Amino acid sequence: MYRLSEVEVIRDERTILSIPNLTISSDQFTVILGHNGSGKSTLVNLLSNQFSAEKGQVTLNDKRVAEFSSKQLAQQVAYLPQKLPEVAGLTVRELVRLGRYPWRGVFGRWNQQDAQIINKAMMMTGVESYAESLADQLSGGERQRAWVSMLLAQQSDILILDEPTSALDIQHQYQLMALLKDLNEQTGKGIIVIIHDLNLALKYASRVIALKGGKVFFEGETENLHNESLLSELYSTPVKLINHPTQDCKVAVVC
């Protein structure tokens, strides 16, 4: 479980993120929402220890995140940045295998257990048929599934993904979010995702953290975000919730 206490991130003498108190469960599917510049990526960077806050503390399971070594934190948290590293020349299997490095290291000895974990990760995300294909030649949706496989192979308790749907078409956005929800339910791993699409959050998230102006505007169960006035204030624009024509769910539209 993550806990943030009296956290402030300051850039150029300006506070860009201020969180007095926030707890993030390590077994739920949590979506982080907010307008551009609201502090979403800053929050995720704190959780994954990409940098430290100027004030306050961030803890994971009662230990300060900054006190973990890179290897120790990678064994606890698998992080996928918005800008993905180049994977030219790597097959999907080789990409997924990178997830084992926090456990084996560069010169570690690979064994049958590693192979089983890699195969299972690919099976769980439906990319086993692409195992020997070059990762950079896959479609956007297939490539994102391969990266999620790598996160699973890392066997961390928490997966953090920064805008994984941003470069995908609408079909693959929904497919990826459905996959992440299924993985959360099947494995019990905590999944923390930044997305921009409100309807994706309303459909798939079990919990939502909404930021506005560098502060937590809303935090709680997704069903409690089904509030037109709350959503309109969050996005500073009129938002209406209507019934989906064929499914038992609400859809957000801008008036």
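1. Basis. Residues are numbered from 1 along each chain as its sequence is written. Local features of this predicted model need pLDDT of at least 70, side-chain atom pairs count only at pLDDT 80 or more, totals for chains, interfaces and linings use all residues, and side-chain values use heavy atoms, without hydrogens and water.

2. Span of helix 7. Helix 7 covers residues 170-187, 18 residues in total. Helices are DSSP runs of H or I, at least four residues, and strands are runs of E, at least two, numbered from the N terminus. From first to last C-alpha, helix 7 reaches 26 Å, close to the expected 26 Å. The expected span is 1.5 Å times one less than the number of residues.

3. Two sides. Q173, L176, M177, L179, L180, L183 and N184 are buried in helix 7. They sit on the same side of helix 7 because they cover an arc of only 155° around the axis. The arc is taken from the directions from the helix axis to the C-beta atoms. The face turned away carries exposed I170, E185 and Q186. Buried means under 20% relative accessible area, exposed over 50% (1.4 Å probe, protein chains only).

4. After the helix. G188 follows helix 7, and its phi is positive, near 75°.

5. The lining of the largest pocket. Its 17 lining residues (an atom within 4 Å of a pocket point) include S70, L73, A74, V77 and Q154, which lie nearest the centre. Helix 2 (70-76), strand 6 (77-80) and helix 4 (101-104) each give two or more residues to this lining.

Methods
1 Å grid on protein atoms, 1.4 Å probe; cavity = no way out; pocket = protein on both sides within 12 Å on 5 of 7 lines; lining within 4 Å.
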